[in-house]
Amino acid sequence: MDELIIDKIITVEDIDTRDLYGVRNANINRIKSKFPLLKIANRGNRIRLSGDPRQMEEFETKLEELIEYANRYGHVSPEVVDQVFDSRPLSARPAVPGKKDEAAGGTDEDIILYGNGGNIIRARTPNQRKLVEAYRKNDLLFATGPAGSGKTYTAIALAVRALKNREVKKIILTRPAVEAGEKLGFLPGDMREKLDPYLQPLYDALRDMVAPTKLEEYMDTGVIQIAPLAYMRGRTLDHAFVILDEAQNATLSQMKMFLTRMGSNAKFIVTGDATQIDLARKEDSGLLKTVDMLEPIEGIAVVRMDNCDIIRHNLVKYIVGAFENDRNDS
């Protein structure tokens, strides 16, 4: 009896298909040659398979390995295709020159994800590690601390990892647009263009972690959404990873509004620096008041970062310390 012939469509994610397919389809053509019992057609990020089910299963397994390799080392070449599809174990493959080994500069447990170009994104300080560990055990986290302590960057890395692992369906990033008084209508452009000046740090982090074409696709389809805090009102955020950044500029009523948007299978991280309040009256900030109220509740964690977590230029921690001393002396 003839072997069963079946069809399957695979949607390629987490990698730019131009890198995967190679120049003039060199990589994908090389892959096709290794599966004589399959008809393989690629278009955009969709690969259609038709033929022997056993080869189809092997193809899908090897493709996942190839994407993993690409995310780890930042490149795909015909030689890498041979390494992956000729059944050499991933762990036995040589590291790419110039790339750090996973264990270099930290342990495997510190790695959050592999960003663009195989860049290893890891928790680099004790309190960043606390944030990663707290994420595993809690659905709502507060991360407070000075500029440069990595609280926002670490939160976004956790969000991107959750999206890649299909733990959530979307990422929502929000900030209080204090400079515009939460009234952005007078600014030119659509909502995204109005918010861009206030959200560049979030974009910078995303660009480190998501391929440019994939990031644009996520933004266009709403998988990654960016909105001012005022526009969270009335929403229920299910199956989402939601980050409220610069929360020191949110009032107590805004904090309550935001936190009560939390839907089923949602993860919320709130980040802020109580020393950088931009509100007209600093006492209107609701961040620390909210932390004090909610910290005792099970399922909520608070991670307090300090100057030791600052990983920008070495001078930054001294600058922060000098301003703190000046404030305490005044």
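In this predicted model, helix α9 (residues 252–259) and helix α10 (residues 287–294) cross at roughly 55°, and their axes come within 8 Å. Axes are lines fitted to C-alpha atoms, for helices over the stretch in contact, and angles run from 0 to 180 degrees between N-to-C directions. The angle makes α9 oblique to α10; angles under 35 degrees count as roughly parallel, over 145 as roughly antiparallel, 65 to 115 as roughly perpendicular and the rest as oblique. Helices (H or I, at least four residues) and strands (E, at least two) are DSSP runs numbered from the N terminus.

The crossing of α9 over α10 is right-handed, a term for a near helix turned clockwise from the far one by less than a right angle, left-handed being anticlockwise. Leu 252, Met 255 and Leu 259 of α9 are in contact (heavy atoms within 4.5 Å) with Leu 287, Lys 289, Thr 290, Met 293 and Leu 294 of α10. The residues of this contact comprise 6 nonpolar, 1 polar and 1 charged. Here Ala, Val, Leu, Ile, Met, Phe, Trp, Tyr, Cys and Pro count as nonpolar, Asp, Glu, Lys and Arg as charged, and the others, Gly among them, as polar.

Within α9, the buried residues are Gln 254, Met 255, Met 257, Phe 258 and Leu 259. Buried means under 20% relative accessible area, exposed over 50%, and partly exposed in between (1.4 Å probe, protein chains only). The cover over these α9 residues includes α10 and the strands β6 (140–144), β7 (170–175), β9 (240–244) and β10 (267–272).

Of these strands, β10 has 6 of its 6 residues buried, so it is largely enclosed by the rest of the structure. Lys 267, Ile 269 and Thr 271 lie on one face, and Phe 268, Val 270 and Gly 272 on the other. Strand β10 pairs (at least two DSSP bridges) with β6 in the parallel sense over 5 bridges, Ala 143 being the bridge partner of Thr 271. Strands β9 and β10 also run parallel, joined by 4 bridges, and Ile 243 stands opposite Ile 269.

Asn 27, Arg 30 and Ile 31 of α2 meet Pro 78, Val 81, Asp 82 and Phe 85 of α4, a set of 4 nonpolar, 1 polar and 2 charged residues.

Residues are numbered from 1 along each chain as its sequence is written, and side-chain values use heavy atoms, with hydrogens and water left out. Local features need pLDDT of at least 70 and side-chain atom pairs count only at pLDDT 80 or more, whereas totals for chains, interfaces and linings use all residues.
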